[in-house]
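Take a look at the model below before reading on. The text then walks through a few of its local features.

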Amino acid sequence: MFRTLRRMAVGLLLAMAVAGPAHADDGYRLWLGSAGGNASVTVEGNSPTLILAADELRRALPANTPPIRLARVKDAGLGNEGYAVRRSGSTLVINGQTDVAVLYGAFALIRHVRSGGDPAQASLRSTPRVALRLLNHWDNLDGSVERGYAGQSLWDWWTLPDYRDPRYTDYARANASIGVNGTVLNNVNAKAESLSAPYIAKAAALADVFRPWGIRVYLSARFSAPIELGGLKTADPRDPAVAAWWQAKADEIYRAIPDFGGFLVKANSEGQPGPRDYGASHADGANMLAAAVKPHGGVILWRAFVYADSDPTDRAKQAYAEFQPLDGQFASNVIVQVKNGPIDFQPREPVHPLFGAMPRTRLAAEFQITKEYLGFATHLAYLGPLFAEALDTPTGHVTQGNEAGQTVADTLTAVSGVSNIGRDRDWTGSTFNQANWYAFGRLAWDPTLPAQAIAREWAAQTFGPDARVIDTASAMMMRSREAVVDYTGAFGLAHLFSSDHHYGPGPWIDDLKRPEWNPVYYHRADRNGIGFDRTRTGSNAIAQYAPAIAARLARPETTPPELLLWFHHLPWEWRMADGRTLWEALARRYDRGVAEVMAMRRDWATLKGRVDPERWAKADTYLAIQTREAKWWRDSSLAYWTSLNGLPLPQGMAAPEHDLAWYKAQHFTHVPGAP
Ligand code: BDP
């Protein structure tokens with residue numbers, strides 16, 4: 001009885017400390033809440049990281065939390081980053097083999113308590129499943145962010161290295177709290193200048209700020225930097241002078257940043273220079289750079305996002321065709337970074353066929369946290385389900401020790417997320433976008449975590465312990481991504497976006513120079529049918545998947561309905577499993593998408609007064625924008641499809657508000673994030 005009362009009192013105090021009254025909140029604090037605790041914490045050791053860990057606990061947890069002791073221990077099962085939190089007598093002990101592991105344990109305890117757990121009962125033990133958990137910033141040196149929808153870059157290159165904005169610390173702290181352990185500072189479409197001495201000094205200043213939080217700095221490297229910075233005639237990876245230039249450059253960087261993570265490289269893709277310019281392979285290029293960082297313990301993240309604008313084969317096949325034959329040729333410190341799907345961060349894609357197909361190569365999965373194709377900052381689309389769906393997908397490849405079936409997550413050494421962070425007060429352009437940053441970190445640490453559980457713990461930490469808020473917000477989040485899929489184009493349709501800026505619909509676009517720049521390339525709709533035939537009768541992209549998967553994808557009847565038109569071109573009258581025609585099913589999905597957004601807005605309205613007014617009002621306004629734009633997607637898409645197939649809208653469906661010409665005439669300028 002007394003225990004229960006005491007627990008309730010603790011809970012109440014915590015709730016007050018954590019949630020605070022519903023006053024205005026600009027979202028700056030993210031999921032970390034406000035200071036207000038006064039827990040008793042002792043530390044064995046005095047490294048900067050352990051001191052930070054103790055401070056975090058003190059400020060987050062109230063005075064009546066059992067006393068906490070932080071200590072490094074030998075426990076091989078925990079690896080370098082794993083932690084254990086357990087009760088020992090009247091004390092809570094947080095252990096790890098390294099300082100940063102203890103820090104992760106501290107954040108785990110805070111998360112446990114702030115999402116409703118009893119501190120006295122805490123028994124937590126976890127090690128990360130993926131070694132490198134990285135944000136990739138597509139930030140330019142001029143402060144703009146490619147595909148960024150949250151303001152200018154966080155990095156103020158101009159005042160670095162002298163001025164270290166306190167925000168850099170807050171950034172590192174937020175990342176450490178979710179287990180992110182590295183960050184690539186600059187855009188993959190890189191400027192050579194970011195490797196010049198002044199910029200190395202700037203990066204080093206950031207690395208100094210991030211280091212105590214367990215975060216390493218990486219840089220995107222422009223492959224032709226030896227020409228642009230070094231004055232060499234070539235960047236041919238087989239030229240000894242080129243290799244020597246990179247070696248010297250790596251040595252220079254490591255003098256300034258001893259724990260530098262390595263280089264991320266976009267080569268021979270969308271106009272970027274690379275080894276193919278010299279007839280050398282991607283492995284030649286990656287290995288040459290790998291040799292330069294190897295003595296220092298660095299890695300090369302080499303992107304597989306390549307497709308040549310001179311190659312007429314199905315774009316979805318090109319990365320596999322280029323990289324799979326190189327399996328076994330990459331140095332051990334090269335990690336081939338593969339986008340989650342074979343095209344480009346669409347609201348839904350099948351997983352990339354390279355996962356599982358390069359058993360002798362280290363792989364990274366690259367996700368987009370920023371919502372280039374999911375409605376920018378204004379649309380609510382919780383990406384936990386998208387990340388989890390990809391990570392959980394069986395590759396169909398059987399490996400030793402994994403006979404039960406390997407998933408994408410099992411193939412990974414690293415997970416990269418293209419950051420959605422900018423200088424907006426709320427960091428990510430909207431409160432709900434913060435959840436995508438959060439979910440990325442949590443899933444990179446443990447890809448088996450359920451997206452819904454992550455949504456709930458995020459909501460509890462972000463909005464406080466009100467169960468109505470947690471239930472409602474997390475339920476909205478869980479339906480949100482599917483809503484975007486529905487109103488932009490369901491059943492595996494993809495890349496129907498307006499060109500370049502990718503804001504809004506443009507399924508009719510057919511006049512751009514290269515075929516694969518045009519949405520019509522991806523949907524292939526005409527009077528008779530719709531979809532991309534990637535079976536034997538078409539591009540045969542399905543042959544790039546493991547036989548068991550390919551066999552299922554070969555027939556529309558055994559293809560998951562949500563990917564139907566990604567793999568098959570079908571007549572509009574095709575009968576879906578429920579007996580409806582494809583046309584009717586597709587058309588009704590647009591309605592469902594719009595209805596879902598309207599429902600999310602209604603649900604959010606019920607939280608008025610329970611969420612602080614500032615964040616409530618912004619989310620409400622954004623949901624209003626999303627409602628309008630979901631309808632725009634629906635109406636314009638239906639107007640376009642009916643212009644091709646000549647079919648009436650299914651019974652009871654409202655006609656588009658405008659005619660197709662009106663939708664085609666919509667043009668937008670100054671769209672954020674466009675390169
Ligand atoms: C596309 C983006 C483009 C990026 C490219 C990439 O539209 O801005 O440069 O991906 O990943 O999705 O390199």
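What follows covers the ligand site, then some features of loops, then a helix pair.

This is a predicted model, in which local features need pLDDT of at least 70, side-chain atom pairs count only at pLDDT 80 or more, and totals for chains, interfaces and linings use all residues. Numbering starts from 1 along each chain as its sequence is written, and side-chain values use heavy atoms, with hydrogens and water left out.

Start at the ligand. There are 14 residues around the ligand, and Glu146, Lys266, Arg303, Asp344 and Glu372 come nearest. A residue is near a molecule if one of its heavy atoms lies within 4 Å of it. Polar contacts (pairs of N or O atoms within 3.5 Å) tie in here. Arginine 303 places a polar side-chain atom 2.6 Å from a ligand oxygen. For glutamate 372, a side-chain N or O atom is 2.6 Å from an oxygen of the ligand. Asparagine 189 has a polar side-chain atom 3.0 Å from a ligand oxygen. How much of the ligand does the protein bury? Alone, the ligand exposes 320 Å², and the protein buries 96% of that. Areas come from the Shrake-Rupley method with a 1.4 Å probe.

Next, the aromatic rings. The structure holds 42 aromatic pairs, with ring centres within 6.5 Å (the six-membered ring for Trp). Tryptophan 155 and tyrosine 168 form one, 6.0 Å centre to centre with 55 degrees between the planes. That pair is tilted; planes under 30 degrees apart count as stacked, over 60 as edge-to-face and the rest as tilted. Tryptophan 155 sits in the loop between strand E6 (132-136) and helix H4 (166-177), while tyrosine 168 is in helix H4. Helices (at least four residues) and strands (at least two) are DSSP runs.

The loop between E6 and H4 also holds proline 161. A cis peptide bond joins leucine 160 to proline 161, with omega about 5 degrees.

Finally, the helices. The axes of H17 (582-605) and H18 (613-645) come within 9 Å and cross at roughly 170 degrees. The two are therefore roughly antiparallel, a label for angles over 145 degrees.

Methods:
Axes are lines fitted to C-alpha atoms, for helices over the stretch in contact, and angles run from 0 to 180 degrees between N-to-C directions. Angles under 35 degrees count as roughly parallel, over 145 as roughly antiparallel, 65 to 115 as roughly perpendicular and the rest as oblique. A polar contact is a pair of N or O atoms within 3.5 Å; within protein, one must be able to donate a hydrogen and the other to accept it, and residues adjacent in sequence count only if both atoms are side-chain atoms.
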